[in-house]
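Trainee: I would like a close look at one part of this structure, the surroundings of the ligand. Could you walk me through them step by step?

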Amino acid sequence: MEIDLVQLSRTMAYALRHQPARFGLTLDAEGWVEVEDLVEALRKHHHNWQQMNVVDIEAVLALPGKQRYELRAGRIRAYYGHSVQQRMTREKATPPVHLFHGTTPAAYEQIRQTGLRPMGRQYVHLSEDVETALDVARRRTSQPVILLVSALDAHQHNIAFYLGNDSVWLADSIPTTFLTKQ
Ligand code: HQG
């Protein structure tokens with residue numbers, strides 16, 4: 001039976017970002033699990049996946065679009081998006097001068113008062129370019145609001161930024177002074 005790679009990727013996100021315990025997995029401090037353990041858990045999860053293997057996971061990683069998972073030396077983790085209680089250690093880094101955040105008009109009404117907060121995840125998620133921020137916002141609204149984040153300035157004011165993947169940055173809460181509505 002052909003494996004639906006998008007469905008597989010969604011389930012991997014669930015296991016590696018949100019509910020590892022439900023898959024019998026324990027993330028280490030940086031979010032890694034043994035890829036063989038993930039394969040074993042996924043085989044049990046769906047009747048179509050009983051024969052799946054690491055090549056199917058590699059096929060998910062090779063899908064065009066967002067790079068969500070990092071596979072290295074027999075281990076795998078999600079680059080970003082975690083909501084598990086245990087805070088994932090990410091590598092701190094100096095951000096570019098500007099980053100972008102795409103959101104909804106309703107969320108913006110809160111953000112303009114309180115700044116950007118991680119909400120249901122561990123970190124605030126930021127995009128390197130406007131197009132990506134627009135895509136993030138369009139998941140939720142047909143009227144995206146784009147915020148320009150003065151990332152380097154915020155970093156220089158002791159707000160920590162962390163590497164996500166090539167286009168997603170992570171950060172701690174960002175006060176309104178560093179946000180400009182586009
Ligand atoms: C908003 C997807 C009220 C924030 C995407 C967003 C991304 C506030 C929502 C990644 C707020 C949180 C993350 C405040 C922020 N008051 N609302 N103070 N501060 N918000 O999904 O950034 O496809 O947790 O604007 O592409 O939308 O899953 O964050 O609307 O990269 O791989 O609260 O998830 O990637 O929503 O998306 P999320 P996000 P994947």
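Predicted model: local features only at pLDDT ≥ 70, side-chain atom pairs only at ≥ 80, totals over all residues.

Trainee: Of the 19 residues around the ligand, which come nearest?

Mentor: The residues that come nearest to the ligand are Lys66, Arg68, His101, Thr103 and Arg121, out of 19 around it. Now let's see where the ligand is: it sits in the largest pocket. Two elements give two or more residues to the shell around the ligand, namely strand E4 (98-103) and helix H4 (105-114). Of the elements, H4 gives the most, with 4 residues.

Next, look at some individual contacts. In the side chain of Arg17, an N or O atom is 2.7 Å from an oxygen atom of the ligand. Arg139 also has a side-chain N or O atom by a ligand oxygen, here at 3.0 Å. With Gly115, the backbone takes part: one of its polar backbone atoms is 2.9 Å from a nitrogen atom of the ligand. As for cover, the ligand has 790 Å² of accessible area on its own, and the protein covers 87% of that.

Finally, here is a detail of the backbone to look for in two loops. Ala73, in the loop between strand E2 (69-72) and strand E3 (75-78), has a positive phi near 50° although it is not a glycine. Ala73 counts as exposed because its relative accessibility is 78%, and the cut-off for exposed is over 50%. Asn158 is another non-glycine residue with a positive phi, about 70°. Its place is in the loop between helix H6 (151-156) and strand E7 (161-163). At 74% relative accessibility, Asn158 counts as exposed too.

Definitions and conventions:
Residues numbered from 1 in each chain as written. Heavy atoms only, no water. Buried < 20%, exposed > 50% of the residue type's maximum accessible area, 1.4 Å probe, protein only. Near = heavy atom within 4 Å. Polar contact = N/O pair within 3.5 Å; in protein donor to acceptor, adjacent residues only side chain to side chain. Areas by Shrake-Rupley, 256 points an atom, 1.4 Å probe, with all protein chains shown as cover. 1 Å grid on protein atoms, 1.4 Å probe; cavity = no way out; pocket = protein on both sides within 12 Å on 5 of 7 lines; lining within 4 Å. Sits in = over half its atoms within 2 Å of the grid points.
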